[in-house]
Amino acid sequence: MKVDLTVNGADVSADVEDRTLLVHFLRDVANLTATNIGCDTTSCGTCTVLLDGESVKSCTVLAAQAAGRGVTTLEGLAGGPGMHPVQRAFQEQHGLQCGFCTPGMVLAIVSLLKENPHPTEEQVRQGLEGNLCRCTGYHNIVRAALAAASIQVAD
Amino acid sequence: MIPPAFAYHRAGTVEEALSLAESLGEDAKFLAGGHSLLPLMKLRLAAPEALIDLTWIRELSYIEDKGDHIAIGALTRHHDVATSDLLAREVPLLAHAAGHVGDPQIRHRGTIGGSVAHADPASDLPAVLLALDAAFAARGGDGSREVAAADFFQSLFETVLEPGELLTEIRVPKPGAGHWGFQKFTQRAIDWAIVGVAVQGHNVALVNMGSTPLRATAVERALSAGASPDEAAALAAEGTSAPSDIRASTAYREHLARVLTRRALI
């Protein structure tokens, strides 16, 4: 079937199998490979992208279900040169080690801060329940989320 | 992992969904948020030949005050249930429990109707709606009907819905002011409950203590007879048939049911 998506503001259109998952559409059709595939079972959150601004796990959404809607991947987050405040906060707070979970973490935090611009540490930890990291022990990721909230206020 | 091949169909209205279901027959399945069905398909535990995507039916996403009850469209997402001011005020148990389904990403996709129709006894919302004495409205080729939550769940993943019949609305009577509680025990935050308990007044329902969500009738009878929460909660495993699996034995689930029921009652 023909699927038309808006990915990072650009129209992407392709004939794909009906069963194509959003994550495969993004990686294999749109050639945007920042979105990683981790568990493939809706558990780890590594494939998190924004669908109309809200975090979703792209391994459990059909590309066809995102048709006509706006998808944001890490590549499109900053919307230009330079980094998005959440990316900057990850750099400053050392919120990553191997980096595999980072695209999903960053987009989950963008969605979280959109819904709750001033979260407590507890709310950040709950808001990241759907994202696993096997390196950092989460502390610096949580710090990055809190720092990003304060950067966004400052901006 | 990729699901087995299927033909994708999009329904924009309830009528379209019903007519697609009729023409495609029993090899088609309705797809709502997809967070139960797509994982099952990836594991080849389900292989429908066609999916009818309901997520484009805007008319089935709403939360409305109907006076004596709240009407919730079947395609209302967990996120919208969890953040509804109306539900927080009128049915706080449901808003609270919806905010504990899965994780934020899952709540952005998963729907209340999908959770009810999938009828996984380990899911939170079927038991919560059972404790709330909710009713479910469905539409099929033969018209509409309403089924009480107590009569809806038949067995593991099995409800009274006929093939091609579509769950359209969840009706929750306003419980009024009164004690409510929700407890769920998981190994990891995003896991299904090993055991869960929903309490509304003297109504007590259990998650994952049998092949369907169950009312803890012995606890309810004891509470109505004036028993203390401690005394009543001791009866929480009576009449249950909890599974034994990789996560927990039957005996451990029975223990959890008693502990969590006491916590939910106080």
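Which residues of helix α3 (residues 85-92) of chain A are buried? They are Pro85(A), Val86(A), Gln87(A), Ala89(A) and Phe90(A), where buried means that 20 or more other C-beta atoms, placed from the backbone, lie within 10 Å of the residue's own. This is a predicted model, in which local features need pLDDT of at least 70, side-chain atom pairs count only at pLDDT 80 or more, and totals for chains, interfaces and linings use all residues. Residues are numbered from 1 along each chain as its sequence is written, while chains are lettered from A and ligands numbered from 1 in the order in which they are written. Helices (H or I, at least four residues) and strands (E, at least two) are DSSP runs, numbered from the N terminus.

**Helices of chain A**

- After α3(A) comes His94(A), which has a positive phi, near 55 degrees.
- Helix α1 (residues 22-29) of chain A has the buried residues Leu22(A), Val23(A), His24(A), Phe25(A) and Leu26(A).
- The cover over these buried residues includes β1 (2-7), β3 (48-51) and β5 (70-72) of chain A.

**Domains of chain A**

- Chain A is split into domain 1 (2-77) and domain 2 (85-154), with bounds that come from an automatic or database domain assignment.
- The centres of these two domains, taken over C-alpha atoms, are 21 Å apart.
- In chain A, 15 residues of domain 1 are in contact with 14 residues of domain 2; two residues are in contact if their C-beta atoms, placed from the backbone, lie within 7 Å.
- On the domain 1 side, β3, β4 and α2 (74-77) of chain A each supply at least two residues, and the largest share, three residues, comes from β3(A).
- That side has seven nonpolar, seven polar and one charged residues, counting Ala, Val, Leu, Ile, Met, Phe, Trp, Tyr, Cys and Pro as nonpolar, Asp, Glu, Lys and Arg as charged, and the others, Gly among them, as polar.

**Contact between the chains**

- Chain A gives 26 residues to the contact and chain B gives 21 residues.
- On the side of chain A that touches chain B, β4 (54-57) and α4 (102-115) of chain A are the elements that give two or more residues.
- The largest share of this side, four residues, belongs to β4(A).
- By class, this side of chain A has eight nonpolar, eleven polar and seven charged residues.

**A sheet in chain B**

- Three strands form an open sheet in the order β1-β3-β2 (chain B), with parallel pairing; two strands pair if DSSP finds at least two bridges between them.
- β1 (7-10) and β2 (28-31) of chain B are at the edges with a single partner strand each, so one side of each has no neighbour in the sheet.
- Neighbouring strands are turned by 25 degrees against each other on average, direction ignored.
- Helix α1 (residues 14-24) of chain B packs on the sheet and touches β1, β2 and β3 of chain B.
- The direction of this helix makes about 170 degrees with that of β3(B); axes are lines fitted to C-alpha atoms, for helices over the stretch in contact, and angles run from 0 to 180 degrees between N-to-C directions.
- β2(B) is joined by four bridges to the parallel strand β3 (residues 50-53) of chain B, and Leu31(B) stands opposite Asp53(B) in β3(B).

**Nonpolar cores**

- A nonpolar core is a set of buried Ala, Val, Leu, Ile, Met, Phe, Trp, Tyr and Cys residues joined through C-beta atoms within 7 Å.
- The largest has 83 residues, and Ile52(B), Leu94(B), Val128(B), Leu129(B) and Ala198(B) have the most contacts inside it.
- Helix α8 (residues 124-131) of chain B gives the most to this core, six residues.
- Another core, of 46 residues, lies apart from it and includes Val23(A), Cys59(A), Ala66(A) and Ala89(A).

Technical notes. Buried ≥ 20, exposed ≤ 12 C-beta atoms within 10 Å, placed from the backbone.
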